[in-house]
Amino acid sequence: MPVTGKPKGDQSVYLIDLHCDTISHLYKTGAALRSNQAQYDLVRARAAGVSLQFFAMFTRPAESNTCLREVLKQLDRYWLEIDNNSTELYPILQRNDLSNAQSQDKIGCLLHLEGAECLGGDLEILRVLQRSGLRSMGLTWNDRNLLADGGGEGARAGGLSRKGRQTIQEMDRLGILLDLAHISTASYYQALELYPKPVLVTHANARALCPHWRNLDDEQLKALAQKGGVVGITQVNDFIKEGGFATIEDMLDHIVYISDLVGVEHVGLGSDFDGADDMVLEEVSQYARMPDLLARRGFALREIEMILGGNAVRVITAVLPEGIIGKD
Ligand SMILES: [Zn+2]
């Protein structure tokens, strides 16, 4: 769908990044979102033309109550940053907020949970987090938990548990985006079948070009496209080229490959800034180069707009609630 509103700076596009680990990084280091020495801050994101950012809460898998305490502290940090920067940040909670954030020239913030250990299988916790702003979630990080097996469990990993299936159904009811990055292959296909709306793979690349288990093979990409989903191309070297010595052209190869395989309408951006050390675009200010880089690889302006944000807007719009649940 077309996105209206005025562009930021000299950017003429709506740029959405589907994954950064900045909130957990800030929580750990005590640095500020506005300006810091890491890969992502508000000053550089605005200058690069970022319009909407998924902010992940992440804690390494552990006992569920331990994870919950950590996640709640990161949730607190997320809302403190929005409060402290309210002239430039705006929480995305419902469908209309997408266009509101753009018209106010603010960065829309979409709260994500990377791995749902903290739920411990309790849908009550999911509902509380949803009321606290959660709008996107992946069931697992790399490991097995009560809901599903993660991709790190290897080729013989299992799929969704009964609780995992219930969780996905509740996510659908609550208007929470489903992210299938990090999940096992069996879980991936089961979740795709169960969740009735388009899904995201917020940060992964094509396994045909880089045989890392975190990347999607051709069949997974085709199944994602059939459901109208979007994969966010990640900047992490290890997911771009085997051995890790990747270039910007190698990263663009993934965009071209997936566009050729399943269509440009299924490609987006999911940097993983502050989630890994070695990146092709080293930090968020480099996103300013994306329109030119894509144009040089032969994408038309309309296609560039789709990759940078339009495709993600389509999925977000299909999933987010029309109003805040529990409010008139
Ligand atoms: Zn990740």
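I take helices (H or I, at least four residues) and strands (E, at least two) as DSSP runs, numbered from the N terminus. The model is predicted, so I use local features only at pLDDT of at least 70 and side-chain atom pairs only at pLDDT 80 or more, while totals for chains, interfaces and linings use all residues. Residues are numbered from 1 along each chain as its sequence is written, and side-chain values use heavy atoms, without hydrogens and water.

**Entry: D274**

I looked up D274 in the loop between strand 9 (267-269) and helix 10 (290-296). D274 is not a glycine, yet its phi is positive, near 65°. Is D274 buried or exposed? D274 is buried, at 14% relative accessibility. Buried means under 20% relative accessible area, exposed over 50%, and partly exposed in between (1.4 Å probe, protein chains only).

**Entry: H182**

I went to the loop between strand 6 (177-178) and helix 7 (185-194), where H182 lies. H182 has a positive phi of about 80° and is not a glycine. The relative accessible area of H182 is 9%, so H182 counts as buried.

**Entry: helices 8 and 9**

I then checked how helix 8 (residues 218-226) packs on helix 9 (residues 248-262). The angle is about 65° and the axes are 10 Å apart. Axes are lines fitted to C-alpha atoms, for helices over the stretch in contact, and angles run from 0 to 180 degrees between N-to-C directions. Which residues make the contact? Helix 8 gives D218, L221, K222 and A225, and helix 9 gives Y257, I258, L261 and V262. Contact means heavy atoms within 4.5 Å.
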